[in-house]
Amino acid sequence: MKTSHLLWRSLFTSALLLSSCAHPPPPESPPAPPHEAPSSEPEPESAAPSASQEALRRAEATAQELAGTLKTNLVAAMSEQGPEAAARYCSVGAQGLTAGIADARGVSVGRSSLRLRNPTNAGPAWVEAWLAQQGERAADGVETVGRVDTLPDGSQVARVIKPLAIGGPCVVCHGPAESLAPGVRAVLLDRYPGDAATGYSIGDLRGALWAEAAVGGSAPTTLQMFGALRAVMHQGDYGSKVSLGELLAEPGGHGVGALEGLAGEVTFDGGTAWLSTPDGSGAIATTKLEPGAGSDRGVALLAFHRVDAWTTRTLEEPASLAELGDRIRDAATEAGLSLDHPIPFRVEGPFEQLKYHVIDGSKLPAGPSSHDAHKDAGITVEHAAVEATLIGLWSTEHAGIFTHMGDTTHVHVTVAEPLGSGHVDEVRVPTGARLMLPTASRGP
Ligand code: HEC
C-alpha cells in the first residue's frame, strides 16, 4: 500500500502533539509542564543555589531545543517527502543536530533507550541506570527527573531526564517490524543492521531525552564538538563549522579535527593550532598559528576541549595505538576523572614506528567514503623513531562523532623536528612516555 504525502501532511499537521525521531509525549501520557521545576534538587554545598538553578535551566532549555529541532525537521521531512525520506532524514540528521546543539550550548544532550536503533545513542552511565530502573513499561506515570549531582572530582552537574512515550506517529518507524511500510523498513535495515527499536505500541516507554550541564558553567569536562565524523564519512559533509580564529581566541584549546574541504588536518595543543596540508608535491606543509591569531579559515570537523592544567604520569608499560585507550582509561580512573565525559590527553614521546597521515580532500571521490579511503587519499609520513607529542581525546560515548566505531580515541601527533602534524595511524609508545591528563578540578 502506498500512502500519499498529502495524507502524511494532514496526519502530521492535524495531530496536536507530533513526534519525531525525537519524541514529544503523546496526548494520552501526562505531558511534563513546559517549565516544570526539577523534581528533586538537593542543596549543593560548594555552589550558590542560583548556580545550580541556572545549570538546571540550561539543561532543561537544551533538552527542549533538541526535542523541538528534531520534531520540526521530522515533521517537515514527513509532510514534504513521506515516511521513507523522513526515516532517512533521521538517520543522517539526528546525530549532527544533537552534536550541534550540545556544542552551541555547552551542555551534553542526547536520546537513549533500552532498545537502541543507533548504538551511538547509548547514554552516559547515569542515564543507562535510569533506563534500567524503569525497564520495559508503559510511559504512563514515569516522571521527569531534574537534579544536581556531585561528581567524584567534586564538581557538580545538573541532570535532566525526560521520558519519551510512543505516540501514534512513532509507530511508523518504531512499531512491529512486520507492520512497517516496506520503504521505511528498507531504509532502517540498510542504516541500522542491529536495530532493536521496533515492536513498540502506543503508550510504551520508548526511552529518554537527557541533558547535563555543569554547575558554574566551567566544569573541566566540556567538549565542544563541531561537525560529526559520521557526517563527514557518510554524507561527505566537509563544510566549515567554525573558524580557526574563534578557536584561537580560547585559552588552553586542545583538539583534533580536519580543515574545511578536508584540505588537511588541524591539531590544537595549548591554544596553538598546527595545520598540515598536502604541499602539492607529495609531501606535507605544516604551519602553526599562535593563540589569539586571527584566521577566517574554516574547520569541517573538530573535537575541542579547554584544558587549564595537566597532570603528568609515566607509562610503565609500552602500548600500541590500540592499547593506548585502555591506558588512558586506567590512568583517568586512578586520577578520579569521570569516564562519562570525553577526556583530553597528551603523550610526550620519543615514539617508535610512528605513522601518520594528512588528508587530501581534493583526492576523495564525492559522497560517502571510508576511513581507509581517507588514509589512501592522504599523504603518509613515517618515522622509525622520533621525538613527538600525541594529542587526542578519549571517550566511550562518541563513536561516529569523533572516534571511529570500536575505538575510544582519536589521536593526532605534532612533531617539532622535522616539522609536521597529522592523524596517527600507527605508533609504538615505549615505557617511560609521559601521559598527561587534565588536572582534576574541585569545581569553580
Ligand atoms: C520517520 C521515522 C521515525 C519516526 C516517525 C520516529 N522515529 Fe525515532 N528514530 C528514527 C531513526 C532513524 C532513529 C535513529 C537516529 C540516529 O541515528 O540517531 C530514531 C531514534 C530514536 C531515539 C534514539 C534512541 C535510539 O534507538 O537510537 C528515540 C528515543 C526515538 N527515536 C524515539 C521516537 C519517538 C518517541 C517517536 C515518536 C514521537 C519517534 N522516535 C518517531 C526514526 C523515526
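**Figure 1. Helices α3 and α6 run roughly parallel to each other, because their axes meet at an angle under 35 degrees.** The model is predicted; local features need pLDDT of at least 70, side-chain atom pairs count only at pLDDT 80 or more, and totals for chains, interfaces and linings use all residues. Residues are numbered from 1 along each chain as its sequence is written. Helix α3 covers residues 83–105 and helix α6 residues 182–191. They pack at about 20°, with axes 8 Å apart. Axes are lines fitted to C-alpha atoms over the stretch in contact, and angles run from 0 to 180 degrees between N-to-C directions. The crossing is right-handed; that is, the near helix is turned clockwise from the far one by less than a right angle. Helices (H or I, at least four residues) and strands (E, at least two) are DSSP runs, numbered from the N terminus.

**Figure 2. Contacts between α3 and α6.** From α3 come Pro 83, Glu 84, Ala 87, Arg 88 and Ser 91. They meet Gly 183, Val 184, Val 187, Leu 188 and Arg 191 of α6. A contact puts two C-beta atoms, placed from the backbone, within 7 Å. The C-alpha atoms of Arg 88 and Arg 191 are 8.5 Å apart, although 103 residues separate them along the chain. Arg 88 has 18 C-beta neighbours inside 10 Å, so Arg 88 counts as partly exposed. Buried takes 20 or more other C-beta atoms within 10 Å, exposed 12 or fewer, and partly exposed lies in between.

**Figure 3. Helix α9 has a buried side and an exposed face.** Leu 321, Leu 324, Gly 325, Arg 327, Ile 328 and Ala 332 are buried. These residues cover an arc of only 165° around the axis, which puts them on the same side of α9. The arc is taken over directions from the helix axis to the C-beta atoms. Ala 322, Asp 330, Thr 333 and Glu 334 are exposed on the face turned away. An α-helix has 3.6 residues a turn, so residues three or four places apart point the same way.

**Figure 4. Cover and ends of α9.** Strands covering the buried residues include β13 (319–320), β14 (343–348), β17 (389–394), β18 (409–415), β19 (420–429) and β20 (434–438). Helix α9 has 15 residues, 321–335, and should span 21 Å at 1.5 Å a residue; its end C-alpha atoms are 21 Å apart, which agrees. The expected span is 1.5 Å times one less than the number of residues. Just after α9, Gly 336 takes a positive phi of about 80°.

Key. Parallel < 35°, antiparallel > 145°, perpendicular 65-115°, else oblique.
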